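Subject: Structure handover

Dear colleague,

I am passing this structure on to you, together with some notes on what I found in it. Please look at the sequence and the model first, and then read on.

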Amino acid sequence: MLEKIEDNELGVDLTPRKLQEKITYFFAPKKYLGNQIKSYGGFLNYSIQYTSNLFGSAVGGPDVILYGHDTYLFYFSLEQPASSTLFPNFVEIVEQNSY
């Protein structure tokens, strides 16, 4: 269930069994979609937090996926969060940070 934490923050509980060991991504709000050439050189801030059982681990995948003009850009953070720890991070929107 999606939960509003603050005006610019949302949270979601992904503990149901059918969602475990799956990667979940969210779309940006409509006002952020479309031609965002003015975003070049700016920063996208995001936070990740996950929990796992005693022998579990995070599911690997890109932290951020950007899509436009039939092109996907993937960003993988070099640092990975520990379980049950809020991990605030950012990516600078420049071509050197996409893979």
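With a relative accessible area of 35%, Tyr 25 is partly exposed, a class that lies between buried (under 20%) and exposed (over 50%), with a 1.4 Å probe and protein chains only. Together with Ile 23, Ile 65, Tyr 67 and Tyr 72, Tyr 25 forms a nonpolar patch on the surface, and the accessible area of these residues together is about 500 Å². Such a patch is made of residues with over 30% relative accessible area and no salt bridge, with nonpolar side chains (Val, Leu, Ile, Met, Phe, Trp, Tyr) joined within 5 Å and like charges joined within 9 Å; a salt bridge is a side-chain nitrogen of Lys or Arg within 4 Å of a carboxyl oxygen of Asp or Glu. Areas come from the Shrake-Rupley method with a 1.4 Å probe, and for residues only the protein chains shown count as cover.

**How to read the model**

This is a predicted model, in which local features need pLDDT of at least 70 and side-chain atom pairs count only at pLDDT 80 or more, while totals for chains, interfaces and linings use all residues. Residues are numbered from 1 along each chain as its sequence is written, and side-chain values use heavy atoms, with hydrogens and water left out.

**The chain as a whole**

The protein chain has 0 helices and 6 strands, and of its 99 residues 12% are buried. It exposes about 8700 Å², of which carbon and sulfur atoms supply 57%.

**Strands β3 and β6**

Strands β3 and β6 run antiparallel and are joined by 6 bridges; two strands count as paired if DSSP finds at least two bridges between them. Within this pair, Asn 45 stands opposite Phe 90 in β6. In a regular strand the side chains alternate between the two faces of the sheet. Strand β6 (residues 87-92) has a covered face, made of Phe 87, Asn 89 and Val 91, and an uncovered one, made of Pro 88, Phe 90 and Glu 92.

Phe 43 is found in strand β3, and, apart from residues up to four places away in sequence, it touches Phe 90, Val 91 and Glu 92, a contact being heavy atoms within 4.5 Å. The C-alpha atoms of Phe 43 and Val 94 are separated by 9.0 Å, although these residues are 51 residues apart along the chain.

**Asn 89 and Ser 77**

Which side chain does the side chain of Asn 89 join in a polar contact of 3.0 Å? The partner is Ser 77, where a polar contact is a pair of N or O atoms within 3.5 Å; within protein, one must be able to donate a hydrogen and the other to accept it, and residues adjacent in sequence count only if both atoms are side-chain atoms. Asn 89 is buried, with a relative accessible area of 15%, and Ser 77 also counts as buried, at 10% relative accessibility. Ser 77 lies in the loop between β5 (71-75) and β6, and its side chain reaches the backbone oxygen of Glu 79 at 2.9 Å.

Ser 84 likewise lies in the loop between β5 and β6, and its phi is near 65°, a positive value in a residue other than glycine.

With kind regards

Technical notes. Helices (H or I, at least four residues) and strands (E, at least two) are DSSP runs, numbered from the N terminus.
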